[in-house]
Amino acid sequence: AAPQTKKPAVVRIDIDARNVVNWNGKPLADRAALQAQLQAAHQQDPQPELHIKAHAKAKYEAVAGVLTAAQREGLTKIGVVGTEQFAAP
């Protein structure tokens, strides 16, 4: 029998207008909580896909911080959803 290829899970990371990071709808207390979630995600096989969506009022730094942290943990399947608000004026 052919080995079953598992489809990677999708993790929704939402950054709200107050720059609070939500992991699958649950607000994370701080950066350490985000780090812990990213580390756990990195251990999964296959690695989940991270879909990062930022509120229009979220600071770009908050979004960049999540991206940087995810890459530092070795997560590679990262998609940013709805980045049009960062387009040049």
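Predicted model: local features only at pLDDT ≥ 70, side-chain atom pairs only at ≥ 80, totals over all residues.
Figure 1. Residues are numbered from 1 along each chain as its sequence is written, and side-chain values use heavy atoms, with hydrogens and water left out. Ile-15 lies in strand β1; strands (E, at least two residues) and helices (H or I, at least four) are DSSP runs, numbered from the N terminus. Leaving out residues up to four places away in sequence, Ile-15 touches Val-20, Val-21, Ile-52, Lys-53, Ala-54, His-55, Ala-58, Ala-62, Val-63 and Val-66, where contact means heavy atoms within 4.5 Å. One of these partners, Lys-53, is 38 residues from Ile-15 along the chain, and the two C-alpha atoms are separated by 6.3 Å.

**Figure 2. The protein has 2 helices and 5 strands.** Read along the sequence, these elements follow the pattern β-β-β-α-β-α-β. Of the contacts with a separation of 6 or more, 67% are accounted for by residues 24 or more positions apart. Buried residues make up 29% of the 89 residues, and the accessible surface comes to about 5900 Å², of which 53% belongs to carbon and sulfur atoms; these areas come from the Shrake-Rupley method with a 1.4 Å probe, and for residues only the protein chains shown count as cover.

**Figure 3. The largest nonpolar core has 20 residues.** Such a core is a set of buried Ala, Val, Leu, Ile, Met, Phe, Trp, Tyr and Cys residues joined through side-chain atoms within 4.5 Å. The residues with the most contacts inside the core are Ile-13, Ile-15, Trp-23, Leu-34, Leu-38 and Leu-50. At least two residues of this core come from each of β1, β2, α1, β4 and α2, and α2 gives the most, with 6 residues. In soluble globular proteins, nonpolar side chains tend to be buried together. Trp-23, when residues up to four places away in sequence are not counted, touches Val-11, Arg-12, Ile-13, Leu-28, Leu-34, Gln-37, Leu-38, Ala-41 and Leu-50.

**Figure 4. Helix α2 spans residues 60-72.** The 13 residues of α2 reach 18 Å from the first C-alpha to the last, close to the 18 Å expected at 1.5 Å a residue, the expected span being 1.5 Å times one less than the number of residues. Ala-62, Val-63, Gly-65, Val-66, Leu-67, Ala-69 and Ala-70 are buried in this helix. An α-helix has 3.6 residues a turn, so residues three or four places apart point the same way. The buried residues of α2 pack against the strands β1 (10-15), β2 (21-23), β4 (49-54) and β5 (78-81), and also against helix α1 (31-43). Just after α2, Gly-74 takes a positive phi of about 85°.

Figure 5. A search of the whole structure finds 1 salt bridge. Asp-14 counts as partly exposed at 21% relative accessibility, and Arg-12 likewise counts as partly exposed, at 44%. Asn-22, in strand β2, counts as buried at 13% relative accessibility. A polar atom of the Asn-22 side chain lies 3.5 Å from the backbone oxygen of Val-20.

Figure 6. In the loop between β1 and β2, Asn-19 has a positive phi of about 65° although it is not a glycine, and Asn-19 is partly exposed, with a relative accessible area of 25%. The loop between β2 and β3 (26-27) holds Asn-24, whose phi is near 50°, a positive value in a residue other than glycine; Asn-24 is partly exposed, with a relative accessible area of 35%. Pro-46 lies in the loop between α1 and β4, and a cis peptide bond with omega of about -5° joins Asp-45 and Pro-46.

Key: Buried < 20%, exposed > 50% of the residue type's maximum accessible area, 1.4 Å probe, protein only. Salt bridge = Lys/Arg side-chain N within 4 Å of Asp/Glu carboxyl O. Polar contact = N/O pair within 3.5 Å; in protein donor to acceptor, adjacent residues only side chain to side chain.
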